[in-house]
Amino acid sequence: MAKRILVPIDDSDRSTQALEFALEEHPEASVTALHVLDPGDFYAATGIEGGAMANYDEIQDHHETRAENILEDAAEHASQLGATIETDKIVGGISRSIVDYAEDNEFDQIVVGSHGRTGASRILLGSVAETIARRSPVPVTIVR
């Protein structure tokens with residue numbers, strides 16, 4: 001039985017379902033909701049590759065505030081389900097950061113939501129959940 005569970009979280013219904021699953025299936029476990037801020041989103045928003053300059057710090061602050069709101073919502077949702085969770089945010093590539101975080105912090109399991117893309121859309125867009133499952137040093141449960 002898992003004692004420490006990591007649940008990557010964003011603002012999608014799938015990540016909320018993953019959190020609910022983790023809390024319901026492992027009521028005695030310590031659950032941490034993790035939000036990863038992808039620095040690529042900061043650069044894309046600034047338009048740096050196109051030569052347009054924007055206030056990078058302001059954009060990063062916006063993403064940080066959004067991450068805090070997502071994590072606060074997750075903690076509140078867990079509370080409504082009668083549970084208390086820990087939350088954290090980090091900056092980095094999404095899949096690799098989640099796997100590294102799980103390993104560095106000695107989690108027993110990762111529970112991740114999947115958007116369930118198939119076929120060409122999965123090939124073109126990739127799958128964070130699939131990448132985590134392939135690279136994770138601990139068991140991964142994918143919630144669809």
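Me: How many salt bridges does the structure hold, and what counts as one?

Reply: Side chains of opposite charge can pair when their charged atoms come close. A salt bridge here is a side-chain nitrogen of Lys or Arg within 4 Å of a carboxyl oxygen of Asp or Glu, and the structure holds four. Because the model is predicted, local features need pLDDT of at least 70 and side-chain atom pairs count only at pLDDT 80 or more, while totals for chains, interfaces and linings use all residues. Residues are numbered from 1 along each chain as its sequence is written, and side-chain values use heavy atoms, with hydrogens and water left out.

Me: Which parts of the chain does the pair R66 and D11 link?

Reply: The side chains of R66 and D11 meet at 2.8 Å, N to O. R66 sits in helix 3 (residues 56-80) and D11 in the loop between strand 1 (4-8) and helix 1 (13-25), 55 residues apart; helices (H or I, at least four residues) and strands (E, at least two) are DSSP runs, numbered from the N terminus.

Me: Is D11 buried or exposed?

Reply: Buried means under 20% relative accessible area, exposed over 50%, and partly exposed in between (1.4 Å probe, protein chains only). At 55%, D11 counts as exposed, whereas R66, at 33%, is partly exposed.

Me: Where do K89 and E68 lie?

Reply: Their salt bridge spans 2.7 Å, N to O; K89 lies in strand 3 (residues 86-91) and E68 in helix 3, so the pair ties together parts 21 residues apart in sequence.
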